[in-house]
Amino acid sequence: MITATRFTTPMPPIEPVDGFNECAPITDLGDPNGARATRAMMLADWADEMMRARMRPIVELWDKNWETYVPIIGETACDFVEKFNETGEAKLQLLGSHPERSWIVEELGEWEDLHVRIQSGYLQWTGKATTISDEGSDNGFEYIELEFVAEYEHVKGITVYCNPISPAEFQYPKIFALIGPTVFNAALTAFLNLLRRFGLPWTFGDNFWNPTTWLANFNPANWPIVVVPKPFFSDTSMWTVIASRMGNLHDVLAPSLHQAGVHLKVYRWFPGMPQPAPEWYTLTKPTLVFDVIDKSGWVGPTGTVLDGLLTLVTEVADDLINEVAQAVSPVDPPEYSIGGLLGTHKEATWVNWRNAQSSGGISGVQKWKMVRHKATAVAIVTGGRSPDWVNSGIKLLLNGVLGYLGALIGNPGLALGIFDSQVEDVVLAFNRIGNPILVDKVGRNGPPLGEKFESAGGTGSSFSAIQAIRQGFYKNRAYTSFEVETLAGQPYWPGAHYEVGDRGSVEVGRTGKLHVERIYQVGGSWSRTQDLRYRTILGDSRIENDPSSVFDTQVGQIKAIIQAQGVAV
């Protein structure tokens with residue numbers, strides 16, 4: 001039996017790049033020999049780039065501490081996917097006779113972690129094994145199947161303390177809150193809670209009796225997870241509110257990241273790759289890196305932190321106005337745009353896929369799906385409780401009336417007493433709002449599907465009820481969603497020209513219009529019967545964010561901050 005060798009030095013890394021290698025310098029085109037030399041160098045560069053893009057994927061299994069690895073050869077199938085601000089997955093299938101079977105199945109303890117590194121073209125994917133299956137089939141074959149989750153899963157395992165610099169037993173203030181540009185705030189939130197785990201004085205090193213290990217913890221290069229620092233004053237990402245009371249980092253950051261178009265990129269650094277933050281620390285061993293990147297496409301007039309505030313105003317103002325405009329007319333009047341007035345706008349996308357009809361039958365669009373969802377309600381009912389001032393006023397009025405009647409019959413102490421609850425939540429506890437414009441659009445004599453109850457508004461005739469009614473109309477609106485799958489190399493390569501979280505435009509249908517969507521998934525797969533195939537998915541078939549949620553979320557976070565301090569709102 002051939003036994004694979006375990007290595008401690010990683011193989012030469014495939015460094016993430018922003019694009020293909022730059023062409024060789026252009027020489028004097030008047031000289032035929034110089035022109036030929038330039039052309040030959042350009043063709044050589046192109047050949048190198050194509051060889052790298054189409055190279056056979058490299059799969060390595062690493063031990064629990066990312067210190068030694070085994071190169072995997074002879075896998076029967078493998079696939080991996082990276083997702084936008086979410087945990088991707090991967091699967092690796094080996095024959096039961098694989099040289100590393102004894103290590104994977106028998107020697108590896110139940111509690112011992114196993115990691116994988118996949119290098120494919122310009123992509124790198126790392127993850128942690130969740131299940132290892134060893135099974136035999138009725139045809140006599142034995143297979144080992146390993147399932148992995150991407151290392152973004154570590155984001156979900158970090159608790160955001162109310163006060164990250166104090167122990168769990170003493171937490172004041174009662175809530176962790178930041179208001180400002182999303183990129184800076186997300187990076188700061190992650191850093192403070194990693195500092196709490198790996199760097200504070202009560203987080204001792206491996207050798208409790210050696211004080212030098214305590215000091216070593218203050219150097220982020222010694223942490224298993226690091227954050228790329230971000231500047232504040234030049235951060236142009238949209239302003240959001242981040243608030244948490246012992247929530248996990250993913251749940252805390254997800255709304256802000258999604259609304260601001262920010263990508264929390266999680267990747268593992270290996271020796272030989274560029275240092276993520278050389279001015280702050282120098283990494284020497286495989287380390288997980290959190291890098292927060294603004295991919296919203298918004299461009300402001302100042303190039304400073306103020307642009308993010310203008311972007312927030314633009315998002316809220318334009319969305320609220322467009323929501324009304326779209327309910328009246330299918331055309332968005334450009335004069336109602338707030339973005340142009342404030343000097344903010346979105347950049348055009350760099351990657352664009354055309355369909356087969358527009359590209360002479362040569363198209364990178366492999367599959368596409370457009371779904372039109374019809375409206376499911378034209379009226380919203382919400383509420384459940386009366387405002388406090390209504391309940392208090394009614395009880396005061398009734399107690400006054402009963403007191404007056406009691407005085408007339410010789411019982412001046414007559415009051416509601418134990419019947420207080422019977423008069424609460426009776427007046428202005430619910431609201432019903434219909435939309436006659438939608439009724440005419442849907443068809444008045446159809447009739448429309450009618451009403452839906454929105455539970456988000458717990459109190460009737462209040463600001464929360466208005467928010468709930470707007471959310472209810474949006475959830476039950478008519479809308480169109482897109483999901484597109486593209487092929488690599490026609491003409492773009494994942495990892496070289498684009499990555500997860502980037503914006504791209506794609507032509508769907510026969511209208512000739514380009515729809516701008518975010519790249520939500522990038523992955524690849526191969527097997528013994530299938531060559532390496534990359535897949536890129538643009539768009540998300542889930543219902544899009546409520547335009548008003550950009551505003552509602554920030555208001556809700558501020559209310560949570562106030563309520564956590566014991567103040568009722």
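For these entries I took a salt bridge to be a side-chain nitrogen of Lys or Arg within 4 Å of a carboxyl oxygen of Asp or Glu. I note at the outset that the model is predicted.

Entry 1, the pair at β23. I looked up Glu 507 and Arg 354 and found their side chains joined by a salt bridge, at 2.6 Å from N to O. Glu 507 belongs to strand β23, whereas Arg 354 sits in the loop between β17 (351–353) and β18 (365–373), so this pair ties together parts that are 153 residues apart in sequence. I then checked accessibility. Glu 507 is buried because its relative accessibility is 2%, and buried means under 20%. Arg 354 is partly exposed, with a relative accessible area of 37%.

I next examined Glu 499 and Lys 295, which form a salt bridge whose closest N and O atoms are 2.8 Å apart. Glu 499 lies in the loop between β22 (479–486) and β23 (503–507), and Lys 295 in the loop between β14 (287–294) and β15 (298–299), so the contact ties together parts that are 204 residues apart in sequence. For Glu 499 I read a relative accessible area of 25%, which is partly exposed. Lys 295 is buried, at 8%.

Arg 56 is in the loop between α1 (32–53) and β1 (58–62), and Glu 75 in the loop between β2 (69–72) and β3 (77–83), so parts 19 residues apart in sequence are tied together. Arg 56 is partly exposed, its relative accessible area being 48%. Glu 75, at 5%, is buried.

How many salt bridges does a search of the whole structure find? I recorded 17. I also noted a network of salt bridges that links Arg 101, Glu 106, Asp 134 and Glu 142.

I turned to an open sheet of 3 strands, in the order β20-β19-β21, with mixed pairing. Its edge strands are β20 (430–434) and β21 (451–454), each of which pairs on one side only. From one strand to the next, the twist averages 20 degrees. Strand β19 (residues 379–383) runs parallel to β21 and is joined to β21 by 4 bridges. I found Thr 382 opposite Glu 454 in β21.

Conventions
Residues numbered from 1 in each chain as written. Predicted model: local features only at pLDDT ≥ 70, side-chain atom pairs only at ≥ 80, totals over all residues. Heavy atoms only, no water. Helix = DSSP H or I, 4+ residues; strand = E, 2+ residues; numbered from the N terminus. Buried < 20%, exposed > 50% of the residue type's maximum accessible area, 1.4 Å probe, protein only. Pairing = 2+ DSSP bridges. Axes fitted to C-alpha atoms, helices over the stretch in contact; angles between N-to-C directions.
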